Amino acid sequence: MSIIDSFDGKSGAILNPEDIVSRPENFPKTVLASFQKGIVQELHNILQPEEFDSLDCVYRVPLYRFSYKGQVLALYLSPLGGPASAGILEEIIAKGAERVLFFGTCGALNNARTDGKLVVPTAAYRDEGTSYHYLPESNFLEVPTAGKLCEIFDGLGVPYVRGKTWTTDAIYRETERNAEARRSEGCLTVEMECASVMAVGQFRQFPVYQFLYTADSLDGGAWERRTLGNTPKSDYEKHLHIALETAIRL
């Protein structure tokens, strides 16, 4: 059996998220998941959230609850990478959430298309392992929630671009050959989670949304650091605001 032929649609899992987590009453229906500590800090600065629960798939991940324009929402800091982000998402679903919005940084493969805009992934190239345990083998995984997210961005007047993304497990093995191959297939960005969390969503029949914003650039075979590891506070403010306004419209 090929390593990418791992999907088993006939037998059940030995360990399920319901075996690990409790399902509290009145769990927020909409949950935001960020990959940046600065987003969590900005949330504390403006909305004074309360830590009301935690997730424990990888390590203890605090869950924060808060009210925004009359809606009760939750937010957590997701671990990086497909396996960890997918495992934590499984626990969020088991706790009673009805939708999750992921947002975070990515690398640009096409500066001309992505500079100054958010990116709404429409499909993810499955260069990781997690998604093959949730869905049958394919090169790309479609993102069924992209259309609704674009409609919300249109209503908010947010500059964005739609396009494919490359999800990889190997941050230091994004080679020139592979980057050019993904670019030729229409990938605008490279990141580490989209294919994995979208596969969980489709398997569980659970809506998962995601938008990206570029930090570094791999366009043209050369690496530019740009804001990677040095995100301005104004970017945290802007992206959190967009995520909050989007969340109350989902």
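Reply: Below we go through helix packing, a couple of backbone angles and some salt bridges. The model is predicted.

Me: Helices first. How do H2 and H6 pack?

Reply: Helix H2 covers residues 82–95 and helix H6 covers residues 194–204; they pack at an angle of about 35°. Their axes are 8 Å apart.

Me: Which hand does the crossing of H2 and H6 have?

Reply: H2 passes H6 in a right-handed crossing.

Me: Which residues make the contact?

Reply: From H2 they are Gly-82, Ser-85, Ala-86, Leu-89, Glu-90 and Ile-93. H6 contributes Ser-196, Val-197, Val-200 and Arg-204. Sorted by class, the contact of H2 with H6 has five nonpolar, three polar and two charged residues.

Me: And H4 with H7, what is the angle there?

Reply: About 115°, with the axes of H4 (residues 146–156) and H7 (residues 233–247) 10 Å apart.

Me: Are H4 and H7 roughly parallel or roughly perpendicular?

Reply: Roughly perpendicular. Angles of 65 to 115 degrees count that way, and the H4 and H7 angle is about 115°.

Me: Which hand is that crossing, and which residues meet?

Reply: The crossing of H4 and H7 is right-handed. On the H4 side the residues are Leu-149, Ile-152, Phe-153 and Leu-156, and they meet Ile-242, Glu-245 and Thr-246 in H7. By class, this contact has five nonpolar, one polar and one charged residues.

Me: Changing topic. What is the phi of Asn-26?

Reply: Phi of Asn-26 is near 55°, which is a positive value in a residue other than glycine. Asn-26 sits in the segment before strand E1 (30–34).

Me: Is Asn-26 buried or exposed?

Reply: Asn-26 counts as exposed because its relative accessibility is 71%, and the cut-off for exposed is over 50%.

Me: What about Gln-48, where is it?

Reply: Gln-48 is in the loop between helix H1 (37–47) and strand E2 (50–55). Gln-48 is not a glycine, yet has a positive phi of about 45°. With a relative accessible area of 57%, Gln-48 is exposed.

Me: Now charges. How many salt bridges are there in the whole structure?

Reply: A search of the whole structure finds 15. One of them joins Lys-29 and Glu-98, where the closest N and O atoms are 3.8 Å apart.

Me: Where do Lys-29 and Glu-98 sit in the chain?

Reply: Lys-29 is in the segment before E1, and Glu-98 is in the loop between H2 and strand E5 (99–108). The pair links distant parts of the chain, 69 residues apart. Lys-29 is partly exposed at 41% relative accessible area, and Glu-98 is partly exposed at 39%.

Me: What about Arg-65 and Glu-50?

Reply: Their side chains meet in a salt bridge, at 2.9 Å from N to O. Arg-65 lies in strand E3 (residues 61–68) and Glu-50 in strand E2, so the pair ties together parts that are 15 residues apart in sequence. Arg-65 counts as partly exposed at 24% relative accessibility, and Glu-50 is partly exposed at 40%.

Me: One more pair, please.

Reply: Arg-226 and Glu-224 form a salt bridge through their side chains, 3.6 Å from N to O. Arg-226 is partly exposed, with a relative accessible area of 37%. Glu-224 counts as partly exposed at 38% relative accessibility.

Me: Which residues are joined into one network?

Reply: Lys-29, Glu-98 and Arg-99, through salt bridges that share partners.

Notes:
Residues numbered from 1 in each chain as written. Predicted model: local features only at pLDDT ≥ 70, side-chain atom pairs only at ≥ 80, totals over all residues. Heavy atoms only, no water. Axes fitted to C-alpha atoms, helices over the stretch in contact; angles between N-to-C directions. Helix = DSSP H or I, 4+ residues; strand = E, 2+ residues; numbered from the N terminus. Left-handed = near helix turned anticlockwise from the far one by under 90°. Contact = heavy atoms within 4.5 Å. Nonpolar A, V, L, I, M, F, W, Y, C, P; charged D, E, K, R; others polar. Parallel < 35°, antiparallel > 145°, perpendicular 65-115°, else oblique. Buried < 20%, exposed > 50% of the residue type's maximum accessible area, 1.4 Å probe, protein only. Salt bridge = Lys/Arg side-chain N within 4 Å of Asp/Glu carboxyl O.
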